[in-house]
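Student: I would like to go through this model step by step. Could you put it up first?

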There are 2 protein chains.
Amino acid sequence: MTFSEENYLKTIFHLTVLSNSAVSTNAIAEMMETKASSVTDMIKKLAEKDLVNYKKYQGVSLTNKGKLAAKTIVRKHRLWEFFLVEKLDFSWDEVHEVAEQLEHIKSDKLIRELDRFLGFPKQDPHGDPIPDAEGNFTVLNKVLLSDLKKGESGIFVGVKDSSTTFLQFLDKRNIALGSEIKIIEKEPFDQSVLIKINEQELRVSKLISGNIYIKTT
Amino acid sequence: MTFSEENYLKTIFHLTVLSNSAVSTNAIAEMMETKASSVTDMIKKLAEKDLVNYKKYQGVSLTNKGKLAAKTIVRKHRLWEFFLVEKLDFSWDEVHEVAEQLEHIKSDKLIRELDRFLGFPKQDPHGDPIPDAEGNFTVLNKVLLSDLKKGESGIFVGVKDSSTTFLQFLDKRNIALGSEIKIIEKEPFDQSVLIKINEQELRVSKLISGNIYIKTT
DNA sequence: ATATATTTTTAGACTAATCTAAAAATATAT
DNA sequence: ATATATTTTTAGATTAGTCTAAAAATATAT
């Protein structure tokens, strides 16, 4: 499987998780920053290899074979991210680009041994689940900070948007995975919330609270 | 720089070390298991980028820029090999193929941090020197086992041929880097040598002794 | 229901890296 | 020194992945 094929599978997988139905050509093109015509070409190739189900104009979905391949790539990506943060002192906003490269390295032994070396981690540095060799993973049951009500609290366990800018925003305010967050007050007008974190009070906008996953305690 | 360009540079580098003069198109083709015409095409591309000196029919050599690029790839290859053996329990005959992939990952921070994480190793698992970030490395002054005379001894510090079969041959006989080896006797007829290693005596052919590097003590 | 807008596919072209076959240059042998 | 062999380059084709522009299919709006 080529790098490009792997990248398409991964993108289709991520889009499927979001939408839970057939994925459109344009959605893939947009997420990959490429053209719809290129997507059509590649989809045909993947369908030929039984990695996706495809009927002209009807969007695309992963076959079981394609799903396992996609999960394997996600597994590799997230294990490498964990490695970079835990062993090589990368910060969580620096890992994505390098993991995008490392995820394509082909060696079953490598990924098996890396997993062992890291102690079989279950979440990557952004709180996303790391699939095991069979593609299975457990999703924490978590809610968005924006869905909590006044007085409720929980542990910060993941981010929805893991863009560099958002992650750096959190770093600047010392909001890290594992922090306890409590809702002090919600402003109905702009839906901003006043939260208590690290013994400090902080007001965050809806855009922020809608990107923070909380495990309620 | 593409993977392919990097592989050509690396090959030219290795061939230059061996021959110490301009490298022929055919030599590159043979080492890379490709066709001379493909080599010519790529050489032109590398010359265009000022990575090699090239005059039609006269062979190629690396420019300073090309030499540094090549050493950087070798540095990455050997650091990853060290990582695989030291941290992921690979054996020295399993690392090459995976390192061939890992050497192409692009991230200065990655390789800098990996080097630090590994404790700035100076030799890879086969005893080959690991260049530093500037491309400098120290070559142990070592001799071939086949050049030692009766009664001389030293430490096994490297292999000349690091093919899987040769490395597995050594493993089978418990001949590992760091072992002390002493020449008990040399047979003039077939140039085989009787050596003492790990308290045992062992007869090895010229083909073997000619692939083992020794640091005399 | 039909016109209009949007999405998707197709047709044809481009680049990088490769190949085969033929031509050109260089090396070798007597 | 010249014929022969070898090496290297060129010319032209192929494949994977991409693109633009146009055509075809589907969705939307009134």
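Student: In chain A, what percentage of the contacts with a separation of 6 or more comes from residues 24 or more positions apart?

Tutor: The model is a predicted one. Two residues count as in contact if their C-beta atoms, placed from the backbone, lie within 7 Å. Among the contacts of chain A with a separation of 6 or more, the share from residues 24 or more positions apart is 57%.

Student: How many helices and strands does chain A have, and what percentage of its residues count as buried?

Tutor: The secondary structure of chain A comprises eight helices and eight strands. Its C-alpha trace spans about 55 × 40 × 25 Å along the principal axes. A residue counts as buried if 20 or more other C-beta atoms lie within 10 Å of its own. Of the 217 residues of chain A, the buried share is 34%.

Student: In what order do the six strands of the open sheet in chain B run, and which are the edge strands?

Tutor: The pairing in this sheet is antiparallel, and the order is β3-β8-β4-β5-β6-β7. An edge strand pairs on one side only, and in chain B the edge strands are β3 (143-144) and β7 (200-204).

Student: Which residue of β5(B) is the bridge partner of B:Ile155?

Tutor: Strand β4 of chain B covers residues 153-159, and strand β5 of chain B covers residues 180-186. The two pair in the antiparallel sense over three bridges. The partner of B:Ile155 in β5(B) is B:Glu180.

Student: What relation holds between chain A and chain B?

Tutor: Chain A is superposed on chain B by a rotation of 180° with 0.0 Å of shift along the axis, at an RMSD of 0.0 Å.

Student: Which residue of chain A has the C-alpha nearest the axis?

Tutor: The C-alpha in question lies 3.8 Å from the axis. It belongs to A:Leu102.

Student: Which element gives the most to the side of chain A that touches chain B?

Tutor: The contact involves 13 residues of chain A and 13 residues of chain B. Two or more residues on the chain A side come from each of α5 (95-102) and α6 (108-117) of chain A. By class, this side has seven nonpolar, two polar and four charged residues. The most, four residues, comes from α6(A).

Student: Which element supplies the largest share of the surface near DNA strand C?

Tutor: Of the 20 residues around DNA strand C, those that come nearest are A:Ser24, A:Asn26, A:Ser37, B:Thr2 and B:Ser37. At least two residues of this surface come from each of α2 (25-32) and α3 (36-48) of chain A and α1 (3-19) and α3 (36-48) of chain B. The largest share, five residues, is that of α3(B).

Student: And for DNA strand D, which element supplies the largest share of the surface?

Tutor: Around DNA strand D there are 20 residues, of which A:Thr2, A:Ser37, B:Ser24, B:Asn26 and B:Ser37 come nearest. Each of α1 (3-19) and α3 of chain A and α2 (25-32) and α3 of chain B supplies at least two residues of the surface. The largest share, five residues, is that of α3(A).

Student: How many residues of the surface near DNA strand D are polar?

Tutor: By class, this surface has four nonpolar and five charged residues. The number of polar residues near DNA strand D is 11.

Definitions and conventions: Residues are numbered from 1 along each chain as its sequence is written. Chains are lettered from A and ligands numbered from 1 in the order in which they are written. This is a predicted model: local features need pLDDT of at least 70, side-chain atom pairs count only at pLDDT 80 or more; totals for chains, interfaces and linings use all residues. A residue is near a molecule or strand if its C-beta atom, placed from the backbone, lies within 6 Å of it. Copies are superposed by least squares on the C-alpha atoms of residues with pLDDT of at least 70 in both. Ala, Val, Leu, Ile, Met, Phe, Trp, Tyr, Cys and Pro count as nonpolar, Asp, Glu, Lys and Arg as charged, and the others, Gly among them, as polar. Two strands pair if DSSP finds at least two bridges between them. A residue is buried if 20 or more other C-beta atoms lie within 10 Å of its own, exposed if 12 or fewer, and partly exposed in between; C-beta atoms are placed from the backbone.
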